[in-house]
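User: I would like to learn how to read a few features of a model. Can you walk me through them?

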Amino acid sequence: MVSTDSSGVPRHIACVMDGNGRWAQQQGLPRIEGHKQGEHALFEAVEGALELGVEWLTVYAFSTENWRRPADEVKFLINFNEDILLRRQQELHDRGVQIRFVGRRDWRVPKRLIKRMNEATELTKDNTKLVFTIAFNYGGQAEIVDAVKQLITEGVPADKVDEKAIASRLYDPQMPPVDLMVRTSGEYRISNFLLWELAYSELYFTETLWPDFTRDHLHQAVADFQQRARRYGGV
Ligand code: IPE
Ligand code: IPE
Ligand code: MG
């Protein structure tokens, strides 16, 4: 295992879980088999975060753009996310993990899934080991649009609109800025993930496809992060 310095552990890691389809293709399997295999990697990431003492782990499970996929894949992803929640929320609860969600709730997501999300959040709300946030029906631009709509609805005057005013109206105002963003599968882009929260994040890209991702890969990403000099615009 890669050694990491416990003092410089990122408080918030965000993962773009990418490459499920290509993983399946490489095995000669249908794309959904890649998503199924991705469940193991997801729990590896959670275990890695727990081992490292990361406080916040956020994963991109379904984007506002993923609705463009073939209907059967969309349907699979929605049902699969519900299925994972039902099968594994107790285990996360037992591990002291708090489950949260970010994303558009009032648009396209089946009511039944919203209900499951609320139940998982309610069950785990007092846990303190790790805040595990699932970005579902999430888009970074949509999140900012929704925050701006909220400001207008509240009648906030223009001279009162600042970074704090927007940040406090994002899907989860308690979510801290992302320290480290990890994307698998050799794609070097953000794909509309956490645009606001990523402002000063360190970015880490790996060729590993998401279904092959393990806690060791997370340790590796953190070790890399620990070599970076974060300046926030200063010197
Ligand atoms: C990531 O894997 C999972 C989701 C976007 C839901 P992909 O399905 O994007 O896999 P590739 O990028 O096609 O290989
Ligand atoms: C980003 O992956 C979304 C998720 C991981 C849920 P995509 O595979 O959808 O991103 P693009 O289309 O390659 O940018
Ligand atoms: Mg992809």
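Predicted model: local features only at pLDDT ≥ 70, side-chain atom pairs only at ≥ 80, totals over all residues.

User: Start with T58. Is T58 buried or exposed?

Analyst: The cut-off for buried is under 20% relative accessible area. T58 has 0%, so T58 is buried. T58 sits in strand β2, residues 56–63.

User: What does the side chain of T58 pair with in a polar contact?

Analyst: Look for N or O atoms within 3.5 Å. Here the side chains of T58 and H12 make a polar contact of 2.7 Å. Beyond its neighbours within four places in sequence, T58 also has contacts that include I13, A14, C15, T133 and M175. F193 and L194 are among them too.

User: Now helix α2. How does its span compare with what 22 residues should give?

Analyst: Count 1.5 Å a residue, using one less than the number of residues. For α2, residues 31–52, that gives 32 Å; the end C-alpha atoms are 32 Å apart, so the two agree. There is still a kink of about 25°, centred on E39.

User: Which residue follows α2, and what is its phi?

Analyst: G53 follows, with a positive phi near 80°.

User: Last, the ligand. Which residues surround ligand 1?

Analyst: Among them are M17, D18, N20, R22, R31, H35, A61, N66 and L77. G19, G21 and R69 also belong to the surround. The side chain of R69 places an N or O atom at 2.7 Å. A backbone N or O atom of G21 lies at 2.9 Å, and one of G19 at 3.4 Å. The protein covers 87% of the 380 Å² of accessible area that ligand 1 has on its own.

Methods:
Residues numbered from 1 in each chain as written. Chains lettered and ligands numbered in written order. Heavy atoms only, no water. Helix = DSSP H or I, 4+ residues; strand = E, 2+ residues; numbered from the N terminus. Buried < 20%, exposed > 50% of the residue type's maximum accessible area, 1.4 Å probe, protein only. Polar contact = N/O pair within 3.5 Å; in protein donor to acceptor, adjacent residues only side chain to side chain. Contact = heavy atoms within 4.5 Å. Bend = angle between axes of the 7 residues up to and from the residue. Near = heavy atom within 4 Å. Areas by Shrake-Rupley, 256 points an atom, 1.4 Å probe, with all protein chains shown as cover.
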